[in-house]
Amino acid sequence: MKKVLIGLVVLLGGFSAFVTTRPDDYKVERTATMAAPPELVFAQVSDFHNWAAWSPWDKLDPAMKKDFSGADKGVGASYHWVGNDKVGEGRMTITDATASSQVGIKLEFMKPFESTSTTTFTLAPAAEGTKFTWSMAGKNNFVSKAMGVFASMDSM
């Protein structure tokens with residue numbers, strides 16, 4: 001039994017040491033082309049009241065509780081949600097809104113784990129409508145680094 005415990009301590013120590021070598025920062029990015037002009041896409045993204053129509057998070061928990069504060073839309077608009085275990089609890093606040101080209105958001109998760117990241121939606125005119133790029137960047141704490149050993153932020 002003593003050897004098993006020593007082996008377990010060594011294994012956990014080795015895993016912890018490995019986790020600390022993982023990157024401190026992460027960035028995830030996706031791009032798609034939408035058959036709509038940048039002005040229309042910007043209107044959807046810069047107003048949290050419109051998100052229920054297209055956000056995949058709303059589909060994961062249709063009973064999610066939401067409240068809005070600050071500005072109605074654009075810089076200063078804030079959206080707080082509390083949902084099931086698939087969506088957790090969090091808040092988004094628009095920090096930058098450049099008409100028809102970019103929306104920057106401070107994204108804060110409270111549950112199931114605390115984290116803060118920066119999300120940016122970049123829009124550019126394209127022949128088919130709008131080239132839409134979503135990116136999210138933030139810092140990895142120890143728990144995030146440990147989870148990243150088994151599933152990358154990019155895959156989630």
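**Before you start**

The model is predicted: local features need pLDDT of at least 70, side-chain atom pairs count only at pLDDT 80 or more, and totals for chains, interfaces and linings use all residues. Residues are numbered from 1 along each chain as its sequence is written, and side-chain values use heavy atoms, with hydrogens and water left out.

**Whole chain**

Color by pLDDT, the predictor's confidence in each residue, from 0 to 100. The chain averages 87, and 88% of the residues score at least 70. Now select S4: confidence is highest there, at a mean of 97. Then select helix H4, residues 142-150, where confidence is lowest, at a mean of 64.

Switch to cartoon. The chain has 4 helices and 7 strands. Both are DSSP runs numbered from the N terminus: helices are H or I with at least four residues, strands are E with at least two. In sequence order the pattern reads α-β-α-α-β-β-β-β-β-β-α.

Show the surface. Of the 156 residues, 33% are buried. Buried means under 20% relative accessible area, exposed over 50%, partly exposed in between (1.4 Å probe, protein chains only).

**Stop 1: the hairpins**

Select S3 and S4. They run antiparallel, joined by 5 bridges; strands pair if DSSP finds at least two bridges between them. Tyr-79 has Met-92 in S4 as its bridge partner. The two strands form a hairpin with 6 residues between them. In its turn, Gly-88 has a positive phi of about 65°.

Find Glu-89, opposite Lys-111 in S5. This hairpin has 3 residues between its strands. Zoom in on Ser-100, in the loop between S4 and S5. Ser-100 is not a glycine, yet its phi is positive, about 60°.

Move to Lys-111 and Pro-112. A cis peptide bond joins them, with omega of about 10°. Pro-112 sits in the loop between S5 and S6.

**Stop 2: the core**

Select Phe-48, Met-92 and Ile-105. These have the most contacts inside the largest nonpolar core, which has 22 residues. Such a core is a set of buried Ala, Val, Leu, Ile, Met, Phe, Trp, Tyr and Cys residues joined through side-chain atoms within 4.5 Å. Elements giving two or more residues to this core include S1 (25-34), H2 (38-45) and S7 (129-139).

Center on Ile-105. Its contacts (heavy atoms within 4.5 Å) include Phe-48, Trp-51, Met-92 and Phe-121, leaving out residues up to four places away in sequence.

**Stop 3: helix H2**

Which residues of H2 are buried? Select Pro-38, Val-41, Phe-42 and Val-45.

**Stop 4: Thr-120**

Select Thr-120 in strand S6. Thr-120 is buried, at 17% relative accessible area. Neighbours within four places aside, Thr-120 contacts Gln-102, Val-103, Thr-133, Trp-134 and Ser-135.
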